[in-house]
Amino acid sequence: GNAGSGPGPGVTAEQANLDKLLWDEQNTKDKLAVCYQRALDGATKMKPPELRVMARLVSQALNVTRQAFTDSNLDIFFGRFDFDGNGDLSCEEASRLFMRCMRTYRFQKFGNMA
């Protein structure tokens with residue numbers, strides 16, 4: 001390999017990408033907000049079906065595997081991140097949900113962040 005280019009030894013491109021997304025939270029949330037709007041696509045509320053659409057968009061936009069946003073994860077987190085309990089997620093709530101999914105996936109797959 002080329003020393004000094006790319007992530008350090010043992011760090012995969014996937015891990016490096018996740019780390020960057022999680023460190024640069026504001027930039028990532030801006031991208032998540034775009035996905036949120038696109039996922040709504042005329043719907044007025046972010047409910048579980050729209051959240052699944054958003055997961056697909058987020059996966060593409062951020063280059064994160066769909067495994068980080070499994071349907072079961074989305075369902076579990078939906079209830080947790082619907083802070084006001086109104087049955088749908090605001091952009092902020094949805095963005096926090098996806099940040100948590102990525103953090104959880106990052107931890108399960110690669111362990112603690114340095």
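Of the 30 residues in the largest nonpolar core, which touch the most other members? The legends below begin with this question.

**Figure 1. The largest nonpolar core of the predicted model.** Met54, Phe69, Leu97, Phe98 and Met102 touch the most other members of this 30-residue core. A nonpolar core is a set of buried Ala, Val, Leu, Ile, Met, Phe, Trp, Tyr and Cys residues joined through side-chain atoms within 4.5 Å. Helices H1, H2, H3, H4 (71-81) and H5 each supply at least two of its residues, and the largest share, seven residues, comes from H5. Helices (H or I, at least four residues) are DSSP runs, numbered from the N terminus. In soluble globular proteins, nonpolar side chains tend to be buried together. The model is predicted, so local features need pLDDT of at least 70 and side-chain atom pairs count only at pLDDT 80 or more, whereas totals for chains, interfaces and linings use all residues. Residues are numbered from 1 along each chain as its sequence is written, and side-chain values use heavy atoms, with hydrogens and water left out.

**Figure 2. The surroundings of Phe69.** Not counting residues up to four places away in sequence, Phe69 touches Ala55, Val58, Ser59, Val64, Leu74, Phe98, Cys101 and Met102. Contact means heavy atoms within 4.5 Å.

Figure 3. Buried means under 20% relative accessible area, exposed over 50%, and partly exposed in between (1.4 Å probe, protein chains only).

**Figure 4. The meeting of helices H2 and H5.** Among the residues in contact are Leu32 and Tyr36 of H2, and Phe98 and Met102 of H5. The two axes come within 9 Å and cross at roughly 120 degrees. Axes are lines fitted to C-alpha atoms, for helices over the stretch in contact, and angles run from 0 to 180 degrees between N-to-C directions. H2 and H5 are therefore oblique to each other (angles under 35 degrees count as roughly parallel, over 145 as roughly antiparallel, 65 to 115 as roughly perpendicular and the rest as oblique).

**Figure 5. Asp41 and Asn63, two loop residues with positive phi.** Asp41, in the loop between H2 and H3, has a phi near 40 degrees. Asn63, in the loop between H3 and H4, has a phi near 55 degrees.
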